[in-house]
Amino acid sequence: MRVGIGYDYHRLEAGRKLILGGVEIPHSKGLAGHSDGDVLTHAICDALLGAAGLGDLGQHFPDTDPKWKGASSLKLLAQVVEMLRAKGLRPTQVDSVVLAEEPKLAPHFVRMRETLARVLGVEPAEVNVKAKTTEGLEALGRGEAMAAQAIALLESA
Ligand code: MG
């Protein structure tokens with residue numbers, strides 16, 4: 001078994017869709033980024049890559065590559081899962097936390113878990129998503145950004 005951690009942080013901007021865990025969530029702002037800005041999926045990708053000893057997301061999917069401009073981060077995740085498979089590994093469990101002041105994310109957890117689990121090739125019960133506010137403090141608390149942390153467990157395929 002192998003474990004890895006992932007972390008990501010993105011600015012929030014007006015006029016962009018908010019995508020978290022591959023799910024569109026109604027909100028007045030969305031996450032900035034070269035792709036769809038899905039901070040949760042990016043943290044999960046980095047946890048998986050870390051567990052496999054495969055470096056990090058930016059190394060494999062540089063934000064200068066036009067191929068990934070506006071792309072769904074689920075496509076990046078699918079590609080990471082493929083890279084694991086090529087190394088004889090598969091994800092078995094993921095836990096994660098999103099740091100966001102608003103909106104309330106709990107109503108969307110089920111869909112996020114189902115969506116991420118489908119791409120990861122595991123049951124939704126093996127993908128946990130949590131949320132925390134930062135009690136109004138700093139950029140996260142002012143609603144200027146969101147962050148995510150993830151941990152992933154891999155086993156031999
Ligand atoms: Mg990112």
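Glu-135 is exposed, with 70% of relative accessible area (exposed means over 50%, buried under 20% and partly exposed in between, with a 1.4 Å probe and protein chains only). The model is predicted, so local features need pLDDT of at least 70 and side-chain atom pairs count only at pLDDT 80 or more, while totals for chains, interfaces and linings use all residues. Residues are numbered from 1 along each chain as its sequence is written, and side-chain values use heavy atoms, with hydrogens and water left out. Helices (H or I, at least four residues) and strands (E, at least two) are DSSP runs numbered from the N terminus.

**Backbone features**

- Glu-135 sits in the loop between strand S6 (127-132) and helix H5 (138-141). Its phi is positive, at about 55 degrees, although Glu-135 is not a glycine.
- Glu-138 also has a positive phi, near 60 degrees, and is a residue other than glycine. Glu-138 belongs to helix H5 and is exposed, with a relative accessible area of 61%.
- A cis peptide bond, with omega near 0 degrees, joins Glu-102 to Pro-103. Pro-103 is part of the loop between S5 and helix H4 (109-120).

**Helix packing**

- Here, axes are lines fitted to C-alpha atoms, for helices over the stretch in contact, and angles run from 0 to 180 degrees between N-to-C directions.
- Helix H1 (residues 39-52) and helix H3 (residues 73-86) have axes that come within 9 Å and cross at roughly 10 degrees. H1 and H3 are therefore roughly parallel to each other (angles under 35 degrees count as roughly parallel, over 145 as roughly antiparallel, 65 to 115 as roughly perpendicular and the rest as oblique).
- On the H1 side, the contact (heavy atoms within 4.5 Å) is made by Thr-41, His-42, Ile-44, Cys-45, Leu-48, Leu-49 and Ala-52. On the H3 side, the residues are Ser-73, Leu-74, Leu-76, Leu-77, Val-80, Met-83 and Leu-84.
- The residues of this H1 and H3 contact comprise 11 nonpolar, three polar and no charged. For the classes, Ala, Val, Leu, Ile, Met, Phe, Trp, Tyr, Cys and Pro count as nonpolar, Asp, Glu, Lys and Arg as charged, and the others, Gly among them, as polar.
- H3 also packs with H4, at an angle of about 35 degrees and with the axes 9 Å apart. Leu-74, Leu-77, Ala-78 and Val-81 in H3 meet Thr-115, Leu-116, Val-119 and Leu-120 in H4.

**Pockets**

- The pocket search runs on a 1 Å grid over the protein atoms alone; a pocket is an open set of points where a 1.4 Å probe fits, with protein on both sides within 12 Å along at least five of seven lines, and lining residues have an atom within 4 Å of a point. Volume is the space filled by probe spheres set on the points, which are joined across faces, edges and corners.
- The largest pocket holds about 320 Å³ of space. Its lining has 16 residues, and those nearest the centre are His-42, Leu-57, Gly-58, Phe-61 and Asp-63.
- Strand S1 (2-14), H1 and helix H2 (57-60) are the elements that give two or more residues to this lining. S1 supplies the largest share, three residues.
- By class, six nonpolar, six polar and four charged residues line the largest pocket.
- The second largest pocket has about 160 Å³ of space. Among the residues lining the second largest pocket are Arg-16, Lys-17, Asp-36 and Lys-69, together with Gly-22, Gly-33 and Gly-70.
- One nonpolar, six polar and four charged residues form the lining of the second largest pocket.

- Thr-92 lies in strand S5 (residues 89-99) and counts as buried, at 13% relative accessibility. Leaving aside residues up to four places away in sequence, Thr-92 touches Val-122, Glu-126, Leu-153, Leu-154 and Glu-155.
- Arg-90 is also placed in strand S5, and counts as partly exposed at 38% relative accessibility. With residues up to four places away in sequence not counted, Arg-90 touches Leu-153, Leu-154, Glu-155, Ser-156 and Ala-157.
- The C-alpha atoms of Arg-90 and Gly-121 are separated by 8.4 Å, with the two residues 31 apart along the chain.
- Ala-125 is found in the loop between H4 and S6 and counts as exposed, at 61% relative accessibility. Its C-alpha atom is separated by 8.6 Å from that of Glu-114, 11 residues apart along the chain.
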